[in-house]
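Reader: I'm new to this one. Can you walk me through it?

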Amino acid sequence: MNRRRFIKSTSAATAGLGLSTAPFILAQKAPFQYRVALIGSGWWGMNILRVALETGRCKAVALCDVDADALEISAEEVNDLAGTKPNTYPDFRELFANEEIDIAIIATPDHWHALPAIEAINAGAHVFLEKPTGHTIRESRSILNAARAADRKVQVGLHRRIGPHHVSGMDFLRSGKVGDIGMVRSFVFNGGGEELPSPNSEPPNSLDWEFYCGPAPLRPFNRKIHPGGFRNFLDFANGTLGDWGIHWLDQVLWWTDEKYPKSVYSTGGRPVKGPAILNDKEQTSDAPDSQVAVFEFESFTATWEHRRFAQNPTEKHKVGTYFYGSNGIFHMGWRDGWTFYPADQKKQIIHEDPNFDDEKAGHNIPGLWTDFFDAIENDRLPVADIEPAHLSTNLSLLGMLSLKHGKSVAWDGSSESIIGDDAANALLQRTYRGPWEYPVI
Amino acid sequence: MKSVPAFLIIFLFTITHALADDWPRWRGPNLDGISTDSSWRAEWPDSDPPLVWKTNVGTGLSGISIANNKVYTIGNNDNTDTVFCLNADTGKEIWTHSYPAALDPKYYEGGPGSTPTVDGDTVFTIGREGQVFSLNAESGEVNWSMNLVADAGLPAPGWGFNGSPLVLDDRLFLNAGTAGVALDKSSGAVIWKSDAEEAGYSSPYPLDRDGKTQLLVSSSRSYSGVDPETGAAAWTFPWLTRYGVNAADPVPIDSNTLFISSGYGKGAALIRLTGTAPEEAWKSKEMGNQMNPCLLIDGYLYGVNGNEDGDPEYKCLAPKTGDILWSDDSTGASGAIAANGYLIILGERGELIIAPASPDEFDPITRIQVLGGKSWTAPSLANGRVYCRNIKGDLVCVDLR
């Protein structure tokens with residue numbers, strides 16, 4: 001089934017007809033609005049939808065969530081914002097079968113990215129996909145292939161691709177002023193300590209826990225997971241590397257001309273949080289509390305480092321990416337903008353502050369939306385297109401793969417496979433829990 | 001005095017001794033956050049009021065109850081909750097009662113959130129995992145204990161049980177399940193309980209409706225009016241928030257009109273109970289109480305709008321219309337009580353702020369830094385002294401006389 005609407009021609013025709021034939025009718029007609037569906041109507045999904053509604057160019061027609069309360073409260077919020085209540089669905093398949101959708105926002109936990117995204121594409125919708133693109137590498141590849149096959153645009157929520165200081169920082173990096181860059185280091189450090197298990201409980205009545213787990217193994221419900229805690233559970237996400245890591249590793253791939261690393265090695269664990277616990281009584285999260293990953297490229301080496309204890313009092317910059325060049329050190333940061341520290345200390349430090357659309361949350365989602373509309377209307381790739389986002393996601397996922405596998409992997413980026421290691425290749429996908437089928441496109 | 005019979009003098013003395021200007025429970029003697037104490041002064045132009053004592057009671061949001069010159073509160077250290085009974089004059093420990101309890105720091109520092117309730121010679125407490133205790137107020141001896149999860153089958157909501165106990169006659173009411181639970185206060189036996197779903201975080205409130213008491217109880221998804229005799233819900237008003245957090249006690253504007261409010265972007269509504277089902281008179285995003293409820297003073301509501309991580313503001317609202325009359329951004333996620341027509345606010349950053357409660361403006365006449373760190377707990381006022389705590393458990397007694 002393909003319900004795609006002819007957006008470009010529709011809006012052009014409306015404008016043309018409006019002037020020549022029936023201005024008194026068409027003048028009162030609302031301007032063209034994209035019919036938007038949100039799959040996963042939690043906190044972050046609603047942030048993305050809210051920004052879409054604020055552009056005035058979107059109408060939220062349908063929401064989907066496996067938590068009926070999240071669905072109802074989100075529908076109420078849309079009604080408060082836009083004056084119309086969207087239709088609500090517990091099952092994304094039902095939504096795409098019943099609604100005509102121009103753009104689907106996929107903001108579910110990572111393990112639920114691929115199937116709804118592909119369903120949306122096959123139903124003719126463009127997709128605003130939250131990062132990381134997939135939970136395993138071949139899910140992400142399948143979304144990319146499905147989008148290309150159906151000629152649908154996919155904008156990924158990598159808002160650091162459009163944030164003003166990131167754009168100007170990239171220009172600076174490419175200007176050659178940093179010199180020859182031979183090493184890159186991305187990192188995020190937080191505080192934290194030992195993690196105690198929480199008791200399992202019955203899932204809230206409003207939550208379809210079986211559907212939430214979906215293709216992932218069914219495990220006892222725990223308050224640590226929902227709402228909002230899935231990022232630290234490896235059945236549903238990929239920990240800090242899959243959450244924060246992708247934003248900063250994406251800066252690396254944006255900068256370099258290389259598309260993928262030759263080899264990846266990662267080590268880490270839970271030395272401070274303690275061993276992961278999962279039994280029928282209680283559980284902890286299971287994502288590493290500290291991790292180092294090394295990505296070997298042809299012309300440079302990139303590292304990732306995160307730690308969820310000890311904070312970062314010794315370092316001036318708390319999060320971001322350092323590019324080490326022959327002329328000095330360039331730091332791409334978040335709230336601290338970007339800064340270039342020349343190796344020659346007699347030279348002036350160069351700095352630019354950030355400029356966020358949402359100062360408090362520190363992001364630039366509105367720019368992703370206007371770019372997305374323009375990409376759809378002018379048939380070009382959006383700024384955070386699925387292909388580069390897939391390649392950046394791969395860095396995070398290969399880091400996690402190496403950590404789980406316990407050894408270094410040699411990566412053939414052209415075929416997206418690991419050289420000479422069948423056990424490692426098996427980790428590029430996962431076995432889905434029935435009736436869900438792993439997407440292979 | 002000559003004409004007063006002896007038995008009445010004794011009676012009056014007992015009452016005075018017990019209640020005077022005590023603050024024996026969450027929201028004080030009248031459950032409205034307003035103290036009857038007038039032995040204190042609001043203005044301190046020349047010198048700061050003296051710090052009487054300072055101690056630490058462990059991590060938590062538990063409020064401070066004061067009765068019979070004793071101070072009661074709860075805190076957590078090393079995954080153990082401790083109920084403290086302190087001498088109100090010195091802050092010295094009279095007794096403590098401890099039990100195992102996870103700190104459970106989910107998005108905040110953790111620790112207990114309920115306030116001890118003093119009822120005559122008994123103090124009732126509840127921990128976040130549902131540990132209910134009846135303790136001898138003088139000695140700390142355990143009269144009885146029970147657990148809401150293990151013994152009553154009522155699930156702990158996401159952040160645990162945080163509502164404070166309410167005593168009415170011979171019953172102890174707690175917020176658990178869809179619309180509360182009633183225990184025999186002398187034995188802890190369950191008299192009635194509501195359905196085993198997640199509770200809200202407000203404390204049961206006894207609303208007087210035409211001489212009959214209706215208990216106001218929140219769940220994670222609604223507010224209800226319950227018959228305290230049977231537990232039967234006379235009405236239920238659906239009230240969904242993003243994380244199932246209905247924490248602020250409903251505030252009765254009159255016996256038929258309630259102000260309800262939640263954080264997480266939800267806001268407030270005025271609901272009327274006169275019809276067969278509650279009706280919404282108005283709804284507003286401008287007063288979302290994430291934790292502490294509003295104070296109703298001379299017909300106006302005063303409270304914190306917005307979440308602790310979202311630039312909360314202290315506001316005044318006219319309940320008839322929902323209009324905001326003023327708004328101030330200097331208090332953070334504060335807690336407040338009132339007395340003598342003044343707001344007594346403990347700011348999030350440990351500042352004690354005293355301002356006339358006025359719909360015209362917010363114009364504090366006193367601002368004193370009484371604590372460091374972060375405070376979300378409302379202060380308590382009793383017998384001229386104000387008691388303030390921060391989340392990490394520093395507790396100070398300041399003499400405002």
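This is a predicted model: local features need pLDDT of at least 70, side-chain atom pairs count only at pLDDT 80 or more; totals for chains, interfaces and linings use all residues.

Reader: How many helices and strands does chain A have?

Author: Chain A contains 13 helices and 18 strands.

Reader: And what are its dimensions along the principal axes?

Author: The C-alpha trace of chain A spans about 70 × 60 × 40 Å along those axes.

Reader: How does the radius of gyration of chain A fit a compact globule?

Author: The value for chain A is 22 Å. A compact globule with 441 residues would have a radius of gyration near 22 Å, so the two agree.

Reader: What share of the residues in chain A is buried?

Author: Buried residues make up 47% of the 441 in chain A. As for contacts with a separation of 6 or more, 69% of those in chain A are between residues 24 or more positions apart.

Reader: OK, helices. At what angle do H6 and H7 of chain A cross?

Author: Their axes cross at roughly 5° and come within 10 Å. H6 covers residues 114-122 of chain A, and H7 covers residues 137-150 of chain A. Angles under 35 degrees count as roughly parallel, and H6(A) and H7(A) are therefore roughly parallel to each other.

Reader: Which residues make that contact?

Author: From H6(A) they are A:Ala114, A:Ala117, A:Ile118, A:Ile121 and A:Asn122. H7(A) brings A:Glu139, A:Ser142, A:Ile143, A:Ala146, A:Ala147 and A:Ala150.

Reader: How many of them are nonpolar, polar or charged?

Author: In the contact of H6(A) with H7(A), eight residues are nonpolar, two are polar and one is charged.

Reader: Now chain B. What is the strand order in the sheet of four strands?

Author: The order is S11-S12-S13-S14 in chain B, in an open sheet with antiparallel pairing. Strand S11 (166-168) and strand S14 (190-193) of chain B are the edge strands, each pairing on one side only. On average, neighbouring strands of this sheet are turned by 25° against each other, direction ignored.

Reader: How many bridges join S12 to S13 in chain B?

Author: Four bridges join strand S12 (residues 171-174) of chain B to strand S13 (residues 181-184) of chain B. B:Leu172 stands opposite B:Leu183 in S13(B).

Reader: Which way does S1 of chain B run against S27(B), parallel or antiparallel?

Author: Parallel: two bridges join strand S1 (residues 34-35) of chain B to S27(B). B:Ile34 stands opposite B:Ala338 in S27(B).

Reader: And S28 of chain B?

Author: S27(B) and strand S28 (residues 342-346) of chain B run antiparallel, joined by five bridges. B:Gly335 stands opposite B:Leu346 in S28(B).

Reader: What lies between S27(B) and S28(B)?

Author: Two residues lie between them, and the two strands form a hairpin. In the turn, B:Asn340 has a positive phi of about 55°.

Technical notes. Residues are numbered from 1 along each chain as its sequence is written. Chains are lettered from A and ligands numbered from 1 in the order in which they are written. Axes are lines fitted to C-alpha atoms, for helices over the stretch in contact, and angles run from 0 to 180 degrees between N-to-C directions. Angles under 35 degrees count as roughly parallel, over 145 as roughly antiparallel, 65 to 115 as roughly perpendicular and the rest as oblique. Two residues are in contact if their C-beta atoms, placed from the backbone, lie within 7 Å. Ala, Val, Leu, Ile, Met, Phe, Trp, Tyr, Cys and Pro count as nonpolar, Asp, Glu, Lys and Arg as charged, and the others, Gly among them, as polar. Two strands pair if DSSP finds at least two bridges between them. The radius of gyration is taken over C-alpha atoms; the globule rule is 2.2 Å times the number of residues to the power 0.38. A residue is buried if 20 or more other C-beta atoms lie within 10 Å of its own, exposed if 12 or fewer, and partly exposed in between; C-beta atoms are placed from the backbone.
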